[in-house]
Amino acid sequence: MLADYGYYLLLLAFLCSLYGVVTSLLAASLRHRRLFRASVVAAVSGFFLTLGAALLLWAFFFNRDYSLAYVFRNSSNDLPLRYTLSAFWSALEGSHFLWTLLLTLFSLIAHLSFIRDNEHFMPYVSATLHSVLAWMYYLALTYCDPFLVQFPAPQDGLGMNALLQNPYMVFHPPSLFCGYTLSAIPFAYSVAALAYGDITGAWLRTVRNWALLAWSFLTVGVFLGGRWAYVELGWAGYWAWDPVENSSFMPWIFLTALLHSLLVQDKLGQLKRLSLVLSFLAFFFGFFGTFITRSGIISSVHSFAQSPIGPAYLGFLGAMVLFAIFLYGFRAPLILPHRVKKAWGISRESALLLTQFILGTFGVIIVVGTLYPILSELVTGQRFNVQAPYFNTFAPYIGFSSIAAITVGNLLRYQSDKMLGGKKLQFIASLGALLLTFVFSFLADVFRSSGYAFALQLVGIFLCFWGGLCLAYQAWVKARAVRTSVLKQLPYWGSFFAHMGVFVAILGFLGNYRGVDTLVTLKSGEQTQFQGWVFTFPGIAIEQQENAELYNAPLHLAKNGVPMGVISPARAKYPTKPEMLHEVGLRDGFWEDIYIVLSDFAQTGDEATFQIHINPTVKFVWISVFLMVFGGILSLLGHVIYGGRTSWKREEGIPA
Amino acid sequence: MRRFFLVPFLVVSSLPSRGQSPLEISHSVETLTQEEKTLFKDLTNELRCPTCTGLSVLQSETPFSQQIKSAVIEQIREGKSQDEIMTFFKDRYGLWILRTPPVEGFHWIAWLFPLGIAVLGLFLLGRGALRRQSTNLGQGVRLTDDIRKEWEAELNSLRKAR
C-alpha cells in the first residue's frame with residue numbers, strides 16, 4: 001500500500017518534468033517570463049516529490065519491510081545502521097533513484113540560481129534539465145522500479161552485497177553521482193547557448209562555477225572508489241583500468257579539459273565552441289558509464305547491478321548524440337570567437353590548448369580501450385579484452401607531457417612568449433629537481449625496478465620536481481604581488497594546489513609502479529622476514545564485528561628488533577552469504593604501505609598463508625586528491641566571492 | 001576477492017581443455033633468482049587470468065593462474081627468452097590470453113589509432129596556434145566597439161542619405 005504511494009510520487013514527478021519541458025519550451029519560443037516561472041515550479045515540486053519517494057524507500061529499509069522486492073534483495077535483519085542507509089544505492093533500482101534524486105536537487109538549484117544574469121536563455125536550460133529528468137523518471141517507472149511489491153513479505157532479506165559493506169561505499173556512489181549529475185548543468189547551459197545563439201560573460205561565470213563543483217565532486221568520487229578497491233578487493237592496487245573505473249575517469253578528463261577551455265574563453269573570448277563540445281562529452285560519458293555498468297555489455301568487477309535496461313539506455317545515448325550533433329551543426333556557426341590581435345604562437349593560450357589536446361587524446365585512448373572488446377568482436381569475431389598494460393603503455397607519456405604543458409603554460413603569459421623567471425629559473429629548477437629526484441628515489445625505493453621502466457620512473461620523478469619547483473616560484477611571485485585582497489587571487493591559488501596535486505599524484509604513481517610481494521605460510525608462533533620487516537604470527541582469533549564473523553590472523557610487526565604494531569588481515573563471514581570475504585590488513589606509512597591478504601588458513605587456526613605486499617608511495621596518491629579537491633574548492637570560492645570580473649568584459653568596457 | 005565471483009568456473013576451467021594435459025603446479029617463485037623473478041613478473045603481468053575479470057595471472061591465485069605461473073617458472077628455468085615464452089602461451093591459448101592487443105592484423109588499430117591522433121592532433125594544433133588570428137568582425141559577440149562603430153557609421157550614412 002505504502003509502496004504504491006512511492007510509485008505515484010515518482011509518477012507525479014514524471015508528470016512535473018513533462019510539464020516543465022512543455023512550459024519552458026513555450027516560454028522560450030514566446031519569450032514569456034512568467035511561463036518560465038511555471039517550469040521553475042515544476043522543478044521545485046519535482047524535487048520534493050522525488051525526495052518524498054526517496055524518504056519512503058529509506059523508511060522501508062529502516063523498518064526492515066521486506067514486502068518491497070528491492071529491500072528484500074539488498075538488505076537483511078543483521079545489517080548495521082549505516083549500511084542500511086547505503087543499501088539504498090547498492091543495486092540498480094536504488095542507484096538509478098539516487099542519481100535521479102541528485103539530478104532533481106541540482107536542477108532545482110540551477111533553476112533558482114544565476115537566473116537574473118542568464119534570463120534570456122534560462123528556459124532552454126530548464127527544458128534540457130527537465131527532459132533529462134523526464135527520461136530518468138521514465139526509466140524509474142518502467143525498467144527499474146524500486147517500489148515493486150512482493151507478497152507474502154519474507155521475515156528476512158537476502159542481504160546486501162558484502163563487498164559493498166564498506167564505509168567508502170557509503171560515500172563513493174553519492175559523490176560520484178553528484179559529479180555526474182552536476183555536469184548535466186554545464187551541458188544544459190551549452191544546449192541553451194546553442195539554442196539561443198550566443199555565449200555571454202554571465203554564461204561563462206555560471207558554467208565555470210558548476211563545472212568546478214562537478215569536477216571537485218567527481219575527483220572525490222573517483223578517489224573514494226579507488227580507495228574502496230584498495231582496502232576491499234585485496235589485489236593490492238587501487239586502479240586497474242577496469243571498464244567501470246574508466247567510465248568514471250572519462251567525464252573527469254573532459255571536465256578538466258572544459259575548465260581549461262573556459263579559461264581561454266574568459267581571457268580571450270576564444271575556444272567557445274570547444275567548451276560547448278567538452279561540456280557535452282563530460283555529461284555524455286557520465287551516462288555512458290552508467291550504461292556500461294548496467295547493461296553488462298562489457299564485463300567488469302564493478303557491475304553490481306545488471307538488468308535489461310541496456311537497450312533503452314542505448315537508445316537514449318544514441319538520441320542524445322544525434323540531438324547534440326544536429327544542434328551543434330545548425331547552431332554552432334552563430335557562436336563566434338572574439339577577435340584576437342595576435343596569432344597564438346608560443347603563449348599561455350597555446351599551452352592551454354595543448355593541455356586540451358593531451359587530455360582529449362587520453363580520453364580517446366581510454367574510450368577505445370574500454371570499447372575494444374566490442375570493436376574487436378565486431379571485426380574479428382573474437383572478443384579481445386584490453387586490460388591494464390595497454391593503458392599503462394600510454395599513461396607515462398600522457399602524464400609527462402601534461403607536466404610539461406602545465407609548467408610551461410603557467411610560466412607563460414597570455415599573448416606573450418616571455419617566460420616567468422627566464423633561463424635562470426630553468427637552470428635552478430632543473431638542478432634542484434635533479435637533487436630531489438635522487439633523494440626521492442632512495443627514500444621511495446625506486447631502485448627495485450630496472451631497464452626501461454626505471455628510466456621512465458626517473459624521468460617522471462625529475463619532471464614532477466621540476467614542475468613543482470617552477471610552480472612554487474610562480475606562487476612566490478604571486479604572493480609578493482598581493483596588493484588589495486588575496487581573495488582576488490583565490491582562483492589562482494586553487495589552480496596552484498590542483499596542479500601541485502597532479503604532480504604529487506604522478507610521483508605516487510611512479511613510486512608504486514613496482515611494489516614487491518611474497519607468499520608465505522606460517523604456523524602459529526613462527527616468524528618470517530621480508531624487506532627488512534619481521535612478521536610474527538601468533539595464531540588465528542575469531543571475533544564478531546557488527547554483522548560479520550571475522551577470522552583474524554594478526555601479524556606482529558618488527559623492524560630492527562623494535563615492535564611496530566600489529567596488522568590483522570582477516571576473512572569475514574557474513575550471515576547471509578556463503579563465501580568468505582577478504583579483510584585486508586593494512587599499515588599505511590608515508591613512504592610505503594604494508595598490505596597483507598590472508599590467502600588461506602587451516603580450520604584448526606594454527607596455520608595461515610599470507611600474501612604480503614609492500615607498496616611504496618601509495619600515500620602520495622591519497623594526498624594528491626586532497627590537494628586537487630582543495631584547489632577545486634578554493635577556486636570555486638574565489639569565483640563565487642569575486643565572480644563578476646572577467647577580463648574580456650573589462651576590455652569591452654562592460655560594467656561587471 | 002574478485003576470485004570469489006568465479007568459484008563455479010574454477011571447477012570447469014581446471015579440467016583439461018582442448019585435448020591437452022593440464023599444466024601442473026609444481027614450481028615455486030622463491031626458487032628463482034632476482035633477475036628471473038623480474039622476468040617472471042613481466043611475463044605473468046602480460047597474461048590474463050583466464051577465470052577472473054580484469055586481473056593478470058600475476059595478481060590472481062586461482063588454480064588456473066597458478067598452473068600458468070608454474071609453467072612460466074619452468075620455462076624460465078629452462079632458459080627460454082621472454083618472446084619464446086609468450087609465443088608458447090599464444091600458441092596454446094590463442095591471442096585471447098594476452099592483456100594488450102598484439103601488433104598484428106586487426107589489432108594494429110589499437111596502437112595506430114592513438115598514435116595517429118597524437119600525430120594528426122599535434123600537426124593541426126601547431127598550424128592552428130600559429131595561424132589563430134580570427135578575422136571575423138565579431139558578429140555574435142555583443143557590444144563590441146567594432147559593432148558600435150559599424151552601426152554608427154551605418155546610421156550616419158542613412159542620415160546623410162535622408
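**Figure 1. Secondary structure and overall dimensions of chain A.** Chain A of this predicted model contains 19 helices and 14 strands (DSSP runs numbered from the N terminus, with helices being H or I of at least four residues and strands E of at least two). Its C-alpha atoms occupy a box of roughly 80 × 75 × 55 Å along the principal axes. Local features need pLDDT of at least 70 and side-chain atom pairs count only at pLDDT 80 or more, whereas totals for chains, interfaces and linings use all residues. Residues are numbered from 1 along each chain as its sequence is written, and chains are lettered from A and ligands numbered from 1 in the order in which they are written.

**Figure 2. Burial and contacts in chain A.** Of the 656 residues in chain A, 53% are buried (20 or more other C-beta atoms within 10 Å of the residue's own, C-beta atoms being placed from the backbone). Among contacts between residues at least 6 apart in sequence, 75% join residues at least 24 apart (contact: C-beta atoms within 7 Å).

**Figure 3. Packing of helices α6(A) and α8(A).** Helix α6 (residues 122-142) and helix α8 (residues 184-196) of chain A pack at an angle of about 130°, with axes 8 Å apart (lines fitted to C-alpha atoms over the stretch in contact, with angles from 0 to 180 degrees between N-to-C directions). The contact includes Leu129(A) and Val132(A) of α6(A), and Ala188(A) and Ala192(A) of α8(A).

Notes. Buried ≥ 20, exposed ≤ 12 C-beta atoms within 10 Å, placed from the backbone. Contact = placed C-beta atoms within 7 Å.
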